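Hi everyone, thanks for making time for this.

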Amino acid sequence: KGKCPEDGWDESTIELFLHELAIMDSNNFLGNCGVGEREGRVVSGLVARRHYRLIHGIGRSGDISAVQPKAAGSSLLNKLTNSVVLDIIKLAGVRTVANCFVVPMATGMSLTLCFLTLRHKRPKAKYIIWPRIDQKSCFKSMITAGFEPVVIENVLEGDELRTDLEAVEAKIKALGAENILCVHSTTSCFAPRVPDRLEELAVICANYDIPHIVNNAYGVQSSKCMHLIQQGARVGRIDAFVQSLDKNFMVPVGGAIIAGFNESFIQEISKMYPGRASASPSLDVLITLLSLGTSGYKKLLKERKEMFSYLSSELKKLADSHNERLLDTPHNPISLAMSLKNLDESNDAAVTQLGSMLFTRQVSGARVVPCGSTQTVNNYTFKGFMSHSNDYPCAYLNAASAIGIKKQDVDVFLKRLDKCLKTFRKEAKQEKSINEISDSNATTEQLED
């Protein structure tokens, strides 16, 4: 049926299935006689076993989704993977998605492929409207495609950084709709930035007849992000949305899913990919989804949500105990941020030092964001880089509840963070005492004089 099974398969069943696919490829035929330049020859048995002897990859020179006559098994693997992934995207909340395909590139390059496909539809266009998100790969995806990003600064609402819809529309009018390739919006992001106002952006795109590409990097695991995409497509225009395989399905880095609501446009993107492609990302995600089944994936999504609530409540307690606060970002369903005001005021270097301390204590993924750092990416200078704003009011620390996180991860993180913050408080007290003694000695010397 081309759908993800409800209950996961055991490993031996999956391996049997993969071996059945592999023997349909010509390189595994007993009497095969190959005289071409690409015959699926692999010299290392270890490499052959690692890929289950599915050596031919996916697609043909003109289309990554096309069937290879001498690689029936690999072609079937590709078709089934795309079909199963489509089923999971619908299950995750985008029920009207029409088509998708797995591409063996991470999110940034997959976005570039979408922009390059739009180039042929809008030959005059040179700009991409981009509500600011301080993440290099999505910015470079536009540069690599040969377009000029038009950065729209976010609006501060309470603690949250939100889409400036008025600035987006004003920039469209100023540049001219025909000169704009697309609006490039974002769902999943680091707090205090929250997902873009997708519904409103989709309506603007529909009104001005401008394509809309959504960076949904790790949004499949969030029902809120997927709901935003579904609603955006319902009330306005969303041409394609791109998501990472590793972030949403816990497989090795190197693949993404390009999906959309117009089947022919998604096919155009797949035909834009030059040459054949590695089957590894497709193989990895198919194995994973067959082992989980829809029930297993739903369970992971439910656990992630529960862990988000737990991380939020426990991080708030920790923040309160250190006279800091958990920033109020209710529109971000994955990432949280805790202020580091006291740390920032006591020592300029303390914020970045905290990041180093956490990393050396084997805490990965937590980001510390100081105030006022500047960074240049492809000749564009971002003030307050990493904070998604020129001048966010305070330094802060990020932590995320992503798919696969366990209670133990949260507990260990909070314990180590608490220790690091206590170390800073102790050092600050000692420094204060030394300063007071120094001031006292100075006063005594003045009296004696």
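Let me start with a term: two strands pair if DSSP finds at least two bridges between them. Helices (H or I, at least four residues) and strands (E, at least two) are DSSP runs, numbered from the N terminus. As for the source, this is a predicted model, where local features need pLDDT of at least 70 and side-chain atom pairs count only at pLDDT 80 or more, while totals for chains, interfaces and linings use all residues. Residues are numbered from 1 along each chain as its sequence is written, and side-chain values use heavy atoms, with hydrogens and water left out.

For angles, axes are lines fitted to C-alpha atoms, for helices over the stretch in contact, and angles run from 0 to 180 degrees between N-to-C directions. Strand 1 runs antiparallel to strand 9 (residues 256–260), and five bridges join them. Which residue in strand 9 is the bridge partner of Val103? That is Ala256.

Three strands form an open, antiparallel sheet in the order 10-14-11. Its edge strands, each pairing on one side only, are strand 10 (335–339) and strand 11 (367–369). Here neighbouring strands are turned by 25 degrees against each other on average, direction ignored. Strand 10 pairs with strand 14 (residues 396–400) over five bridges, and Leu336 has Ala399 of strand 14 as its bridge partner. Helix 11 (residues 280–321) touches strand 10 and strand 14, and its direction makes about 0 degrees with that of strand 10. Helix 13 (residues 350–360) touches strand 11 and strand 14, and its direction makes about 175 degrees with that of strand 11.

Next, a lysine. UniProt, in an unreviewed entry, lists Lys247 for "modified residue: N6-(pyridoxal phosphate)lysine". UniProt positions are given in the numbering used here, feature names are shortened, and annotations may be inferred rather than shown by experiment. Lys247 sits in helix 9 (residues 245–249). Buried means under 20% relative accessible area, exposed over 50%, and partly exposed in between (1.4 Å probe, protein chains only). Not counting residues up to four places away in sequence, Lys247 touches Thr107, Ala217, Tyr218, Gln221 and Ile403.

Finally, some backbone details. Most residues other than glycine have a negative phi, and most peptide bonds are trans. The Ala191 to Pro192 bond, though, is cis, with omega near 10 degrees, and Pro192 lies in the loop between strand 6 (180–186) and helix 7 (198–208). Arg53 has a positive phi, near 60 degrees, and is found in the loop between helix 2 (45–50) and helix 3 (72–92). Asn378 also has a positive phi, of about 50 degrees, in the loop between strand 12 (374–377) and strand 13 (380–383). Asn378 is partly exposed, at a relative accessible area of 39%.

Conventions
Contact = heavy atoms within 4.5 Å.
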